[in-house]
Amino acid sequence: VFDHVVRAPEDPILGVTVAYNKDASPVKLNLGVGAYRTEEGKPLVLNVVRRAEQMLVNNSSRVKEYLPIVGLADFNKLSAKLILGADSPAVQENRVTTVQCLSGTGSLRVGAEFLARHYHQRTIYIPQPTWGNHLKIFGLAGLSVKTYRYFCPSTRGLNFQGLLEDLGSAPSGAIVLLHACAHNPTGVDPTPQQWEQIRQLMRSKALLPFFDSAYQGFASGNLDIDAQPIRMFVADGGECFVAQSYAKNMGLYGERVGALSIVCRSADVASRVESQLKLVIRPMYSNPPIHGASIVAMILKDRNMFQEWTIELKAMADRIISMRQKLFDALRSRGTPGDWSHIIKQIGMFTFTGLNSEQVAFMTKEYHIYMTSDGRISMAGLSSRTVPHLADAIHAAVTR
Ligand code: LMR
């Protein structure tokens with residue numbers, strides 16, 4: 001009965017790793033998925049995470065009971081404070097409902113399902129380009145997905161005018177997906193002044209902000225700075241959705257730890273919203289897993305562990321920034337044609353190189369370098385040892 005089923009294509013991002021794993025070359029390099037690697041090219045488990053895990057294992061009174069539908073209470077409270085700020089009036093006035101979800105994707109999906117059931121506007125605007133999964137997450141939840149201009153290929157910077165025009169002509173009340181920092185895939189973020197203009201425009205048209213915060217602390221190395229755009233929107237007292245992920249900033253990729261916060265206008269509304277979120281979550285996965293959220297809660301709660309985390313986080317962010325400079329220098333020293341200054345200007349885990357899909361295919365075939373076909377490379381996957389290989393490949397691709 002399934003003879004008619006056609007083979008689906010691999011995922012544009014996770015499929016890159018599938019292809020990479022099949023390659024037997026000793027020089028192969030995976031710059032596809034956004035996953036941090038050390039200078040030795042190895043995945044990293046943070047010391048503070050290992051310490052928290054050890055403490056959890058040693059605690060013999062820990063049990064494996066179900067969590068509530070909304071997840072671990074401490075985790076939720078601390079996650080809201082981390083993203084909105086400990087002194088946030090919205091948190092203090094209990095106007096925020098936070099539910100533990102399956103990393104960023106799960107948080108976005110739960111938020112999308114809630115909106116599809118309870119919000120009067122069914123249109124969401126996502127940036128062009130954006131993380132490939134956004135379109136599917138919101139589309140499958142039943143929302144109508146439109147795009148707003150974001151990236152200018154000629155300057156490799158923000159198309160701010162296009163963004164303002166598109167949001168300016170969006171229907172009143174439409175939902176707008178915003179990357180809180182370190183925009184994926186472009187690495188291009190608005191300045192604080194531009195954020196303020198976006199906020200004013202959106203509030204004047206009652207557009208509903210839905211922030212995707214997958215990189216808090218990874219862009220600047222500072223947790224508060226990277227949360228600033230969200231806090232600007234929350235400070236004005238209006239509603240706001242935030243999807244948080246601990247995949248990158250705590251290196252908890254496979255633990256699937258994230259949170260959805262919905263900032264409401266009153267504590268009463270927030271508690272009713274939470275009751276409906278439970279109805280969304282229960283038929284999807286009943287309740288979230290306990291282990292990863294316990295690690296995060298322990299680290300966020302303990303002053304010393306928190307401090308240790310921020311130091312390790314900054315070290316990851318700094319290593320990525322140093323890779324930007326190294327790659328830029330390597331291309332300059334090869335005399336590679338083109339202006340490569342965007343490599344050092346872009347922010348976060350990715351560089352949107354400007355290489356086209358043919359050049360990417362050439363680099364994969366001839367140099368065993370794997371990346372998404374839109375020319376995005378994960379800077380976190382590079383090391384001092386592999387920069388020359390990548391620079392040789394880029395040089396060859398653009399001078400063919
Ligand atoms: C990425 O964009 O590489 C990451 O967000 C991982 C993913 O799930 O796509």
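The model is predicted: local features need pLDDT of at least 70, side-chain atom pairs count only at pLDDT 80 or more, and totals for chains, interfaces and linings use all residues. Residues are numbered from 1 along each chain as its sequence is written.

**Domains.** The domain assignment gives domain 1 (14-44 + 318-398) and domain 2 (73-301). Such bounds come from an automatic or database domain assignment. Taken over C-alpha atoms, the centres of domain 1 and domain 2 are 28 Å apart. Their contact takes 16 residues from domain 1 and 17 residues from domain 2. Here two residues are in contact if their C-beta atoms, placed from the backbone, lie within 7 Å. On the side of domain 1 that touches domain 2, strand β11 (residues 350-352) gives the most, with three residues. That side of domain 1 divides into seven nonpolar, six polar and three charged residues. Ala, Val, Leu, Ile, Met, Phe, Trp, Tyr, Cys and Pro count as nonpolar, Asp, Glu, Lys and Arg as charged, and the others, Gly among them, as polar.

An unreviewed UniProt entry annotates residues 28-394 as "domain: Aminotransferase class I/classII large". UniProt annotations may be inferred rather than shown by experiment. Over residues 28-394 the chain is 47% helix and 16% strand. Helices (H or I, at least four residues) and strands (E, at least two) are DSSP runs, numbered from the N terminus.

**A helix pair.** Helix α11 (residues 291-301) packs against helix α12 (residues 303-334) at an angle of about 100°, with axes 5 Å apart. That makes α11 roughly perpendicular to α12, a label for angles of 65 to 115 degrees. Axes are lines fitted to C-alpha atoms over the stretch in contact, and angles run from 0 to 180 degrees between N-to-C directions. M298, I299 and L300 in α11 meet M305, F306 and W309 in α12. This contact has six nonpolar, no polar and no charged residues.

**The ligand.** I13, V33, G34, W131 and N184 surround the ligand. Each has its C-beta atom, placed from the backbone, within 6 Å of it. The shell has three nonpolar, two polar and no charged residues.

| Cis bond | Omega |
|---|---|
| Q128 and P129 | about 5° |
| N184 and P185 | about 15° |

P129 is in the loop between β3 (123-128) and α6 (132-140). P185 sits in the loop between β7 (175-179) and α8 (192-204). R156 is not a glycine, yet has a positive phi of about 55°. R156 lies between β5 (151-152) and β6 (157-158), in a loop.

Note on methods. Angles under 35 degrees count as roughly parallel, over 145 as roughly antiparallel, 65 to 115 as roughly perpendicular and the rest as oblique.
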